Amino acid sequence: MSSRGFTIVEVIVATVVMVVVLGVLAMALRFFFKGSRTLELRQDALTLAVLEVGSVEILDPVPEPYSTVRTDTLMGRGYSVRTTLAWSGDETRLLTVRVSSGDSVSVELYRQFIISNREESR
Amino acid sequence: MNGSAPGNRGAAILIAVAAALVVMLAVGVLFALMDRMITGQLQRESEAQIRLSEASALDAMIRIVETGGPPEPGTAHRFNLGGVVTTLTAGVLERTDLRRGGFTTGGDATPLVVPSGRFLFAVTPENGVTVGVFSGSTTERLGSYRLGRTPLLTLASPIRWQGGDAVLLALDNGAGQEIFVVSPSGVQHSLTTVIDGLCRSSVITSGGAEGSELLAVSNGGNRGFVVNLRSGLSTELISPPGTCPAITPSGEVFGRAAAAGSLTLAPPVTDVFFEDVNRDGRLDMVWAGPRTLYALTSRGLLSGSPSPGASLLAWGMIEGSLGLGARWSMPGGQTLWTRLTLDGFSPYEPVGALTIPWTGRFFGRGTVVAGTVPGGVMLSSVSGSYSQQILEGNHFVWGDADGGDVDVFAPLSGGIEAVFNPLAGDGFSQHFDMQSSLNALNTRSSHRLLIFDDFPRRRVFSERERPVKQ
């Protein structure tokens, strides 16, 4: 009977090893799930930003400079969509679309329009 | 406890280390997966910005070519937007034919085609009425809107709405008409009204200032309604025989209030358009029907018919040569041309392109004329020394869909074939190699600019040729 089992030192060392490893695993899982959620938010924010740029691209004529902030929902999550159309030269306007969720996630896209390409065709 | 067998000594540590290795391996896989997901997301964001920056660079390049002409081969232009550096390198300049294009509407139905300014609207009867919107410059589909009902489409016509190009649809719901104004960004306005006699052959005109847009709809003859598109209020109008009530682009109403119950017999009208036919700097109105042609100019209402009983075969304007003219079939079977002169319409001996058997409305400017002939669309020099059939078929729609001159469209099953600006004639094409870079991402593609010297301005269109693999 005395020839079976582990020594106390073995058990302590093995336990310490497992605790450390499980700690690392827990941190990794936490990082993974948090990162996945951030990526999902960025993906949705990119989708909203592309849609917002597309909705301005088809406007005819290109609107006068403006700035709007609105909230939009995608997959049950809320996003802030900030759209700014500003002069960026004599005959150009710069569209900036920034979609954010909280402080951590933000996606920004830019598109420039040449006004005279459209206006002169009238 | 202290007397373990030599074979078991260290086994607990071994098992723990083995388990630890498996767990660390899993953690490593998780990190690699996460890294890959982050990289993929960043690449998608970069690609989205690159697409937008390249579209902006092409717009800017088009502007440069429009104002300064084609650049020398080998010239590179650099653009910077959103951190993306886009370089466009010009290739050689080559002659090119007319600009052609195709629009895919899908399904088997032949769409109703409505060119409107810079866009082409294709209306198909799919689960009610579906309106597809296409860019006339790139032929890309910009959107598709389904009017989620199952009414009958009665009419479709181009309209200017809030300073932009749109299409007006009149749908019959049994009790009256539902009118929709659809722009590239969706349904802008709808109203329900009752217009007696509205049918597919009704002639529609629209105009007016923003906020008080008016629509005039004829019953095919000289009676019709003018409808305020904002309020839905309609008034019945009557106009001289051979014409129909109409709205000028500036919103002036042609016609007077009709007396209740009055009946008139008037020849039908199939086409109405606005042009400066007597070159006095003011828009005149022209009405055409199977047996009549009338022009309202500063000299009054002028008839283009050479004699009673003559049938109108073709009509149109050739700026700079014929002016407003018409081809008639006389009761005896012979054909005759009349044209508008300072003294009104007078007979005209056809020469050159006017000996071609045009049917319906034709268009012309300077030395070129385009129009429909039996079996297709013909483009000809006014002198007749050069002519070319540019489209085949029997049904064509004329109108502007790329913000330039008149274009011609052939609706087909599941799509539309187009020839753009045939009056502008041949042009030039120039290849451009486009390279873009953002961080470590580099893309290459090839584009072609089509350049037409369409007096008084140069018109430039872009076509993506192919992506180039890195």
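This is a predicted model: local features need pLDDT of at least 70, side-chain atom pairs count only at pLDDT 80 or more; totals for chains, interfaces and linings use all residues.
I started with B:Glu463 and B:Arg448, whose side chains meet in a salt bridge at 3.0 Å, N to O. For a salt bridge I take a side-chain nitrogen of Lys or Arg within 4 Å of a carboxyl oxygen of Asp or Glu. The pair links distant parts of the chain, 15 residues apart, with B:Glu463 in strand β36 (residues 457-468) of chain B and B:Arg448 in strand β35 (residues 441-454) of chain B. Strands (E, at least two residues) and helices (H or I, at least four) are DSSP runs, numbered from the N terminus. B:Glu463 comes out partly exposed, at a relative accessible area of 26%. My cut-offs there are buried under 20% relative accessible area, exposed over 50% and partly exposed in between, with a 1.4 Å probe and protein chains only.

Residues are numbered from 1 along each chain as its sequence is written, chains are lettered from A and ligands numbered from 1 in the order in which they are written, and side-chain values use heavy atoms, leaving out hydrogens and water.

I searched the whole structure and got 20 salt bridges over all chains. One of them joins B:Arg365 and B:Asp405 at 1.9 Å, N to O. B:Arg365 sits in strand β27 (residues 359-365) of chain B and B:Asp405 in the loop between β31 (397-399) and β32 (407-412) of chain B, 40 residues apart. I have B:Arg365 as partly exposed at 22% and B:Asp405 as buried at 18%.

**Chain A against chain B**

How much area do the two chains bury between them? I read about 4300 Å², 65% of it on carbon and sulfur atoms. Buried area here is the accessible area (1.4 Å probe) that two parts lose on being put together, summed over both. In chain A, the residues losing the most area to chain B are A:Phe32, A:Leu39 and A:Ile58, together 14% of what that side buries. The contact (heavy atoms within 4.5 Å) takes 46 residues from chain A and 50 from chain B.

I count three salt bridges between the chains. A:Glu91 meets B:Arg63 at 3.1 Å, N to O. A:Arg42 pairs with B:Glu45, with the closest N and O atoms 2.7 Å apart. That pair runs from helix α1 of chain A to helix α1 (residues 11-68) of chain B. B:Glu45 counts as buried at 12%.

**B:Ser380**

Buried or exposed? B:Ser380 is buried, with a relative accessible area of 1%. I placed B:Ser380 in strand β29 (residues 376-381) of chain B. Leaving out residues up to four places away in sequence, B:Ser380 touches several residues, including B:Trp358, B:Val368 and B:Tyr386. A polar atom of the B:Ser380 side chain lies 3.2 Å from the backbone oxygen of B:Tyr386.

**Positive phi**

I flagged A:Met75, a residue other than glycine with a positive phi near 55°. A:Met75 lies in the loop between β1 (66-74) and β2 (77-87) of chain A and is exposed at 68%. I also flagged B:Thr139, with phi near 65°, in the loop between β6 (129-135) and β7 (141-147) of chain B.

Conventions. A polar contact is a pair of N or O atoms within 3.5 Å; within protein, one must be able to donate a hydrogen and the other to accept it, and residues adjacent in sequence count only if both atoms are side-chain atoms.
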